[in-house]
Amino acid sequence: MFDHWGRELDPDSLQRAMGAIDLDAAEGGCPACGARFPTTAKRCPECGLRFG
Ligand SMILES: [Zn+2]
């Protein structure tokens, strides 16, 4: 039932949903490697995962 949950969202909403995981500050966590870095970063400094 929730299979297409991510596909129904536009990229912006999906990005916000991912960012909502960490509400502490302007710092996010990489869903792939768990590294923490400012949400202004366009990609993870650890594994290079892109967020844009
Ligand atoms: Zn990463």
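**View 1. Confidence runs from helix α1 to strand β2.** Confidence in the protein is lowest in helix α1 (residues 5-8), with a mean of 62, and highest in strand β2 (residues 36-38), at 87. These values are pLDDT, the predictor's confidence in each residue on a scale from 0 to 100. Do keep in mind that this is a predicted model, where local features need pLDDT of at least 70, side-chain atom pairs count only at pLDDT 80 or more, and totals for chains, interfaces and linings use all residues. Numbering starts from 1 along each chain as its sequence is written. The protein averages a pLDDT of 75, and 62% of the residues score at least 70. Where pLDDT is low, the predicted coordinates should not be read in detail.

**View 2. Two helices and two strands make up the secondary structure.** Starting at the N terminus, the elements follow the order α-α-β-β. Helices (H or I, at least four residues) and strands (E, at least two) are DSSP runs, numbered from the N terminus. Of the 52 residues, 4% count as buried, meaning that 20 or more other C-beta atoms, placed from the backbone, lie within 10 Å of the residue's own; exposed means 12 or fewer, and partly exposed is in between.

**View 3. Here is Phe37, a residue of strand β2.** Phe37 counts as partly exposed because it has 14 C-beta neighbours inside 10 Å. Leaving aside neighbours within four places in sequence, Phe37 is in contact (C-beta atoms, placed from the backbone, within 7 Å) with Glu27, Gly28, Cys44 and Pro45. Glu27 sits 10 residues from Phe37 in sequence, and their C-alpha atoms are 5.3 Å apart.

Note on methods:
Contact = placed C-beta atoms within 7 Å.
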